[in-house]
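Subject: Structure handover

Hello,

Here is the structure I promised to pass on. Please open it first, then read my notes below.

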Amino acid sequence: MNKLKMHSPDLTQANIDKLAELFPNCLVESRDANGAVTRSIDFDELRQELTGNIVEGPQERYQLNWPGKREALLTANAPIAKTLRPCQEDSVDFDTTQNLFIEGDNLDALKLLQETYLNKVKVIYIDPPYNTGNDFIYEDDFAEDSETYKVRSNQKDEFGSRLIANTESNGRFHSDWLSMMYSRITLARNLLRDDGVIFISIDDTEVANLRLLCNQVFGQENFLVNAIWQKRYGVSSDAKGIPGMHDHILIYQRSGAFVPGLLPRTDKQDAVYKNLDGDPRGLWRSDNLTRTEFRARDHYPITAPKTGEEFYPPKGSSWRHPRDEMERLIADNRIWFGLDGTNRPAAKRFLSEVKQGVVASGWWPFSEVGHTDESKKELQALFDDVSPFDTPKPTRLIRRMLDIGLNCESGIVMDFFAGSGSTAHAVMSRNAEKNSTDRYILVQLPEPLSPDNKTQKLAVDCCDGLGKPRNIAEITKERLRRAGTAVAQVKGELIGGLDIGFRVLKIDSSNMKEVFYTPDAVAQDQLFDQVNNIREDRTPEDLLFQVLLDWGVDLSLPIAKESIAGKTVYFVDGNALAACFDEGVSEEFVKLLAKREPLRAVFRDGGYATDSVKINVEQLFKLMSPSTEVKTI
């Protein structure tokens, strides 16, 4: 019987398999650091396969490079033995919601989600650290503030004195930041649908580097626009130098299959439409009938029906339509000559016939998408007049991205730098307004609160979950709870059917003991301690979610718990998966479960009553439910 691998996919081996299929002559055997024989790629041979010239040594090429780039790619591809553990007490509507909140390092989260959400995410928005010298510095599996980094990297001595001057402009800031972003954006691209899109907020410090990085990951041909968000409406009187009034939002599509959605029309845009002649087709506006290109065929006189006056297009131009088409339009009352019939002809553009939306541009003024003060007031309204985050994004800004990215269809929205939770708030708000069913996946590191940030302490104190660790993730979750309630409450009535819940999953070490991954490391006198390969502190729900990850099953599917012959069985999405992690599994129980004909079934490897039951399980399913895939952990 096959066993689940119980770790994130090894992307390096997957890439080797793909290259081996295309270029089998480039596949060689080599020895790893432990001396074991392993498959690898002969890169000199591969380079020769991919060029029509003889490859002799390194050549100059246009590329973005920095110290640590190769390590960042290696880190992105390396598998991890971690899992997601459900936390029902922190969740809202755990059993029914389709939204996910993942607590932990976003690099681990992106790796764990590679199989389950590969090519399934429609929109990604991230607001990463801006690398100003005061941000948290992400590394492979932890984050630390810049002060700790300065001590650890010998930029400060034990007395706190600076050892490196002007650290903010030091090159390591760019290299470390690029390495942090490279691994995460590379993995994020895998999750996007072919018609998906990613939005990334950034300021002037790293926008140039980030664009080159994204060109490399997504391809320069998939760059859409560098949208400029006017985030402030005034300049501070004590500002130094030339203060910036904007942020950048880089927008990249996954491929050419992406079609940008139209923005909602505003009352101001519709105000230009009138109905001066009482046309039964409704509101219209006049439009130019000429083109700035001379075409002899389309240079002819138009005769006004009332006055008989002839009108020619201006010199060097021509009418937009041929003569016969123009006559048809005049007969259909689609050409306007003014109230008294003496004006130059103009086209009538009816509001009912124009696109029910506006094409987005790269200029996003605060009047349309909000500003930083507005976003702080949004938080203050939720947190008893306290704004626990210094630079939250307004929900109107995220709403614009959703309108562009979702293109009038439901999809998954992801934000793996969740921060204040504005993305989830915007998704819920849009769902309530448009009666749509978009869902979100948020990832947030449980960063400790700054001891100097009094507003964040106040925010935690007013949370429902008193006594929990004081970290950013707790504030984010509380924002989601309060925002969901506020969104659902419209005119004193609760909107029915709106998903304002979220399922909390926390990144933790694997549910399996180390012997599961490194059996050779166990000494003989430890064998009896390793009979059970599952950690003692793990629950059946923990095991279930690791199985969902390993099998690539959607983590938001409904889960039902039933008792069959005295054993607890978890059914995911009806009959999509049946899991039993109890001990003492008998043939009678297996027969009862097989009658349900689940698509997948999973048991504990040490959970069978006898060895004969373990041997017969597959045969029983083949006999009673041949379409069921059976595995063990």
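Helix α12 (residues 395–406) packs against helix α13 (residues 422–434) at an angle of about 65 degrees, and their axes are 9 Å apart. The axes are lines fitted to C-alpha atoms, for helices over the stretch in contact, and angles run from 0 to 180 degrees between N-to-C directions. Helices (H or I, at least four residues) and strands (E, at least two) are DSSP runs, numbered from the N terminus.

The model is predicted: local features need pLDDT of at least 70, side-chain atom pairs count only at pLDDT 80 or more, and totals for chains, interfaces and linings use all residues. Residues are numbered from 1 along each chain as its sequence is written, and side-chain values use heavy atoms, with hydrogens and water left out.

Back to the helices. The crossing of α12 and α13 is right-handed. That term applies if the near helix is turned clockwise from the far one by less than a right angle; anticlockwise is left-handed. On the α12 side, the contact is made by Thr395, Ile398, Arg399, Leu402, Asp403 and Leu406. The α13 side includes Ser422, His425, Val427, Arg430 and Lys434. Contact means heavy atoms within 4.5 Å. By class, the contact of α12 with α13 has five nonpolar, five polar and five charged residues. Here Ala, Val, Leu, Ile, Met, Phe, Trp, Tyr, Cys and Pro count as nonpolar, Asp, Glu, Lys and Arg as charged, and the others, Gly among them, as polar.

Most residues other than glycine have a negative phi. Asn435 is exposed, with a relative accessible area of 70%. The cut-offs are: buried under 20% relative accessible area, exposed over 50%, partly exposed in between (1.4 Å probe, protein chains only).

Asn119 also has a positive phi, near 55 degrees. It is found in the loop between α4 (106–112) and β5 (121–126). At 35% relative accessibility, Asn119 is partly exposed.

**Strands**

Look at β17 (residues 346–350) next. Four of its five residues are buried. Strand β11 (residues 284–287) pairs with β17 in the antiparallel sense over four bridges. Two strands pair if DSSP finds at least two bridges between them. Trp284 stands opposite Phe350 in β17. Strand β16 (residues 335–336) also runs antiparallel to β17, joined by two bridges. There, Trp336 has Ala346 of β17 as its bridge partner.

Elsewhere, five strands form an open sheet in the order β24-β25-β26-β27-β28, with mixed pairing. Its edge strands are β24 (559–564) and β28 (629–632), and each pairs on one side only. The twist averages 20 degrees from one strand to the next. Strand β27 (residues 600–603) pairs with β28 in the parallel sense over four bridges. In that pairing, Ala601 stands opposite Val630 in β28.

**Aromatic rings**

How many aromatic pairs does the structure hold? There are ten. Rings of Phe, Tyr and Trp (its six-membered ring) pair if their centres lie within 6.5 Å; planes under 30 degrees apart count as stacked, over 60 as edge-to-face and the rest as tilted.

Phe94 and Phe545 form an edge-to-face pair, 6.2 Å centre to centre, with 65 degrees between the planes. Phe94 lies in the loop between β3 (82–86) and β4 (100–103) and Phe545 in helix α17 (residues 540–551), so the pair ties together parts that are 451 residues apart in sequence. Phe94 is buried at 9% relative accessible area. Phe545 is buried at 2%.

Tyr233 and Phe366 are also edge-to-face, at 6.0 Å and 65 degrees. Tyr233 is in the loop between β9 (223–230) and β10 (246–253), and Phe366 is in helix α10 (residues 366–369), 133 residues apart. Tyr233 is partly exposed at 49%, and Phe366 is partly exposed at 24%.

Phe218, Phe223 and Tyr252 form one aromatic cluster.

**The whole chain**

The chain has 19 helices and 28 strands. Of its 633 residues, 48% are buried. Among contacts between residues at least 6 apart in sequence, 71% join residues at least 24 apart.

Best wishes
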